[in-house]
Amino acid sequence: MTTVTSLPELDMSAFIADPRSARGARFVAKLRDACHGPGFCYLAGHGVPVETDRAIMATARDFFALPERARLALAIAKSPHFRGYTVLGGEVTKGVRDWREQLDIGPEETAAALRGDDAAWLRLRGPNQWAAALPSMRDVVLEWMRAMDRVGLAVLRALALGLGQPLEHFDSAVLPRGDPHLKIIRYPAQEKRGDPGQGVGMHHDSGLVSFVLQDDVGGLQVQIGSKLVEASPRPGTYVMNLGEMLQAATSGYLRATKHRVASPPPGQERLSVAYFFHPRLDCVFEPIALPPELAAAAPGGENADPNDPVLRRFGDNYLKIRLRSHPDVAAAHYRDVLQPIEAPRSRAKRRTRETPRDG
């Protein structure tokens, strides 16, 4: 087996121009190989203007430069939609606090009036919290999200072709709307010696496709076998990886690869914007009938941890992860649903036996 020491860089401009062209087909094959292999790549030629990327990074710097009281006014615990500001150490991964502060944002919409028997994941939809001191922030962020939606749709269409499916195979999951999620993140250096250096702990993503826009400070690390491969910043690219829903739908042919962010060295900080191109919350992902040569290389779509099953409806799967990551929001808004979301080991084993996509 070839040892992966760096992530591939793929230029998708030819595919965007003409998905059926020979150059477009070469991109499709390279993307499929990257998503089956390391599960991560650098994405170039995505068509997002450099000015749009610069604007959101400038907005990120402006937000974290606000006085602490202005950021705390947007505390995420106020929002049942998991929208708002999280203080340093306020989010946890695998039970360990993450040394980062962040602002979580989703599609801007009015919260629906829900009945007691409505699905709990419907509470994830609603308005964002915006900093009054940054009146331009809303427009800058929403413009970048619209641009990333176009990139995400193009990637999904390329993956569909690479899996032997029609170009539009995944369209219904994200059109006319999906339920994407954006994080604007600051990673400062650790304050004390002896801290684990965990900017964010080892994890895999829950949805379809994720994109990370980085500044020039590294720290993102991808687990390839027993090694950690650095996803060092490269100008003009996004780091791209896949989530659990595509892993499950392809019986593991496509990989939701684990990754982490190490805290920067003393005296430095890292800024990034992570965009999670999610499907609609109500989408249920059925196994894809892969071509025989791909199916033979699919090891099964479940996670290795039997206590962490991939739930077929995206809303259930995503809420499961959000409740674990933000205990303050869970305590404030989801006390009635904590047990049903945390699927017990026995249920995970039953799903592994009964569902073909689980291998």
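Entry 1. I began with the charged side chains and found Glu91, Arg100, Asp104, Lys183 and Arg322 linked in a network of salt bridges. I note here that the model is predicted. I then asked how many salt bridges the count comes to. The count comes to 22 salt bridges.

Entry 2. I looked up Asp308 next. Its side chain meets that of Lys320 in a salt bridge, at 3.0 Å from N to O. Asp308 lies in the loop between helix H8 (292–295) and helix H9 (314–325), while Lys320 is in helix H9, so the pair ties together parts that are 12 residues apart in sequence. Are Asp308 and Lys320 buried or exposed? Both Asp308 and Lys320 are buried.

Entry 3. I checked Asp308 for another partner. The side chains of Asp308 and Arg324 also meet in a salt bridge, at 3.2 Å from N to O. This pair links distant parts of the chain, with Asp308 in the loop between H8 and H9 and Arg324 in helix H9, 16 residues apart.

Entry 4. I looked up the accessibility of these two residues. Asp308 has 8% relative accessibility, and the cut-off for buried is under 20%, so Asp308 counts as buried. Arg324 has a relative accessible area of 32% and is therefore partly exposed.

Entry 5. I turned to Arg313 and Asp316. Their side chains meet in a salt bridge, at 3.4 Å from N to O. Which class does each residue fall into? Arg313 is partly exposed, at 32% relative accessibility. Asp316 is also partly exposed, at 22% relative accessibility.

Note on methods: Residues numbered from 1 in each chain as written. Predicted model: local features only at pLDDT ≥ 70, side-chain atom pairs only at ≥ 80, totals over all residues. Heavy atoms only, no water. Salt bridge = Lys/Arg side-chain N within 4 Å of Asp/Glu carboxyl O. Helix = DSSP H or I, 4+ residues; strand = E, 2+ residues; numbered from the N terminus. Buried < 20%, exposed > 50% of the residue type's maximum accessible area, 1.4 Å probe, protein only.
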